[in-house]
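User: I would like to go through this structure with you. Could we begin with a helix and then turn to the aromatic rings?
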Amino acid sequence: MTECFDCDNCKESLYGRKYIQMDNGPYCIPCYDAHFANTCDECKELIGHDCRELYYEDRHYHEHCFRCFRCDRSLADEPFTCQDEELLCNDCYCSEFSSKCIACEKTVMPGSRKLEYNGQTWHEHCFICSSCQQPIGSRSFIPDKKDYYCVPCYETKFAPRCTRCKKSLTKGGVTYRDEPWHKECFVCTGCKTPLAGQQFTSQDDNPYCIHCFGSLYAKKCSACSKPITGFGGGKYVSFETRHWHHNCFNCARCNTSLVGKGFIPDKDEILCRDCSSDL
């Protein structure tokens, strides 16, 4: 007795017919396509057993339906990108979404070396110094309006030069008498202490720290012999050729302050009127 060889779904005989063997039994071609074939995400038709099927992110396509959304190029054997559910070939993706080099206006291809600055993009070889025309690459640069300079060119072309050492001054610095100085070059004429951020004064256009100025040029208090610099709100009193700090201008006998009061000079001393009347 001949064993039955029928389609597991429609039960029609498969003798002399094409069929596909599944785990649970054989199926004729129409039944296989109806029950197991996937639906093409593009054309919404079944992908028959005799069609080449392409699969991408839970979506199935006929080979001829797997195409670039923009230029209709087949993506079956081409690199592609998915953008907002649309399949795009590399050329269309780059044209639509990749940056354009601000210098040559050509597309900066994904994966290529590039430089981005201030919202603009360059090919690495297109980002060049506006002076020497050499690629800046990963080196430091200085923007100047719409131009970009490597540091050596910028220093040569624009940077001010320190009044003392004559070298370029590219950051920080001190201005004295409308002239630029490196902070480390702006020092006291006397002791060479850096003056940046410190109180200082000048003599004959030369800067001095308070200590050196007091030692070299300031009047000396007749009472304490210390310099009268006038810094820090310090006031002083002068009489003939002598000078006193406000807090040193006191009666030599009773030590009463004589600031704003009458006094009597007695040789090298100054006395209040009460003490002078006792003489």
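User: Which residues of helix α1 are buried?
Analyst: In helix α1 (residues 29-36), the buried residues are Ile29, Cys31, Tyr32 and Asp33. Buried means under 20% relative accessible area, exposed over 50%, and partly exposed in between (1.4 Å probe, protein chains only). Helices (H or I, at least four residues) and strands (E, at least two) are DSSP runs, numbered from the N terminus. This is a predicted model, where local features need pLDDT of at least 70, side-chain atom pairs count only at pLDDT 80 or more, and totals for chains, interfaces and linings use all residues. Residues are numbered from 1 along each chain as its sequence is written, and side-chain values use heavy atoms, with hydrogens and water left out.

User: What covers those buried residues of α1?
Analyst: The cover includes β1 (19-22) and β2 (25-28), where contact means heavy atoms within 4.5 Å.

User: Now the rings: how many aromatic pairs are there?
Analyst: The whole structure holds 25 aromatic pairs. Rings of Phe, Tyr and Trp (its six-membered ring) pair if their centres lie within 6.5 Å; planes under 30 degrees apart count as stacked, over 60 as edge-to-face and the rest as tilted. One of the pairs is Tyr117 with Phe141, edge-to-face at 5.2 Å centre to centre and 90° between the planes.

User: Where do Tyr117 and Phe141 lie?
Analyst: Tyr117 is in strand β7 (residues 114-117) and Phe141 in strand β9 (residues 141-144), so their pair ties together parts that are 24 residues apart in sequence. Tyr117 is partly exposed at 29% relative accessible area, and Phe141 is partly exposed at 23%.

User: Which residues are in the cluster linked by ring pairs?
Analyst: The cluster links Tyr117, Trp122, Phe127, Phe141 and Tyr148.
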